[in-house]
Amino acid sequence: MPEPLDAALTEVRALLLDPALTRAVAAGRRRGHRPAVVRAELRPVTLKAGPRLQIATSDGDRPHTRNVAPGPEADAAVDALLAEPFGNWHVETTDATLQLRVTKSGEAQVHRAGATRTATAPAGHDRVKEYLLDPGDPIFAEIGGSAAKRRQVDAFLRALAATLPDDLTGPLRVVDLGCGNAYLTFAAYRYLTGRGLDVALVGVDVREDQRRRNTDLAERLGWADRVSFVAGTIADAVVEPAPDLVLALHACDTATDEALARAVRWDARWVLAAPCCHHDVAAQLRARPAPHPYDLLTRQGILRERFADVLTDALRAGLLREYGYRAEVVEFVDSQHTPRNLLIRARRTGAGPTPAQRAEYRDLVAQWQLTPRLATLLAAADGGGV
């Protein structure tokens, strides 16, 4: 049901200035208008000077980030963004998610999950709901999963909700690579169909017994005609037709590279991959001396392992950019739930990197004498290299 836009934006403002804010994204444009920036992302950060609201904007070419202090400075910055004619807002707090889409007629279509706090509602009257999918949803009686796993899946879905356009329509083909027990597969199908989308979803896992188990679950849930499973490796499993959206939750080590490479070969529109361990680059760092003056980064094992994590995902994001994707690495769940809490989130734009960006990637791998697994996989697919 459409709502008055001013009232909806007032609700968005209250959430953006709420200390419970975790992340917000503004994107798209209203009919007949164009915002000064194509995208804005807000999140709280803690600096030496104290808590700040970080605002990252992009004009479509170069990002700009600033940190504003709570109070009048943050109020003014938020008001300026709300005055821009963005077509969509996605706002997350610790206990709520709000999605706002401005219709062609200038009204607001608002989807709320969990507790939202309006400018006039007292905090004591909030209705708290921690999950995007209700833990009492009947699917959990079938698919099971620990509380920790459900929280990870729910956090992944929140990242998915922030990635897909609010006005997405039409059929959506999805693949979950390395699906395992298919917690994410079934939850994603439940969430996406709950948005009114026509979804066909395929789960891929190397084990045949997992395929049989997950297929039985799909039949019990009555979804077997829309949710199917194949046994095979991430690199070679047959998935037809090619998907629009590729998911991969904690595919271990270079399995994440295989998932990203397949997504690129499929020309997938969106990719969300949460990496797991990062042994490949770590082994390469152990095998050769660090370039001067970075020996301190790799001399001690624990620091070398952590640096390898950061370097691996930075190179993956850089490679995706080489192949026409806008990629970012973000936290998708608190580290208390899993130490592997980073997410590579990418959207295909078709725009290639600038010469400076291409040189940036090449100089980095040359300096560290690295051969990222993802680069090898992509070069093999297109017969060349980046």
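## Helix α10

In this predicted model, helix α10 comprises 22 residues and spans 31 Å from its first C-alpha to its last, which is close to the 32 Å expected at 1.5 Å a residue. The helix is followed by G324, a residue whose phi is positive, near 90°.

## The largest cavity

The structure holds three cavities of 30 Å³ or more, and the largest has a volume of about 70 Å³. Its lining consists of D253, T254, D257, H278, H279, D280, V281, T312, R316, P372, R373 and L374. The largest share of this lining, three residues, comes from α8, and by class the lining of the largest cavity has three nonpolar, four polar and five charged residues.

In soluble globular proteins, nonpolar side chains tend to be buried together. Here the largest nonpolar core has 45 residues, and those with the most contacts inside it are F156, L157, L172, F186, L192 and L245. Helix α5 (residues 183-194) provides the largest share of this core, eight residues. Apart from this core lies another, of 41 residues, among them V202, V264, A273 and A282.

## Backbone features in the loops

The bond from E240 to P241 has omega near -5°, and P241 lies in the loop between β10 (227-231) and β11 (245-251). The bond joining H292 and P293 is cis with omega of about 5°, and P293 is placed in the loop between α8 and α9 (295-298).

Positive phi values also occur at aspartates. D253, which is in the loop between β11 and α7, has a positive phi of about 50° although it is not a glycine; D253 counts as buried because its relative accessibility is 16%, under the 20% cut-off, and this residue is among those lining the largest cavity. D267, in the loop between α7 and β12 (270-275), has a positive phi near 60°, but at 47% relative accessibility D267 counts as partly exposed.

Methods:
Residues numbered from 1 in each chain as written. Predicted model: local features only at pLDDT ≥ 70, side-chain atom pairs only at ≥ 80, totals over all residues. Heavy atoms only, no water. Core = buried A, V, L, I, M, F, W, Y, C linked by side-chain atoms within 4.5 Å. Buried < 20%, exposed > 50% of the residue type's maximum accessible area, 1.4 Å probe, protein only. Helix = DSSP H or I, 4+ residues; strand = E, 2+ residues; numbered from the N terminus. 1 Å grid on protein atoms, 1.4 Å probe; cavity = no way out; pocket = protein on both sides within 12 Å on 5 of 7 lines; lining within 4 Å. Points joined across faces, edges and corners; volume = space filled by probe spheres on them. Nonpolar A, V, L, I, M, F, W, Y, C, P; charged D, E, K, R; others polar. Expected span 1.5 Å × (residues − 1).
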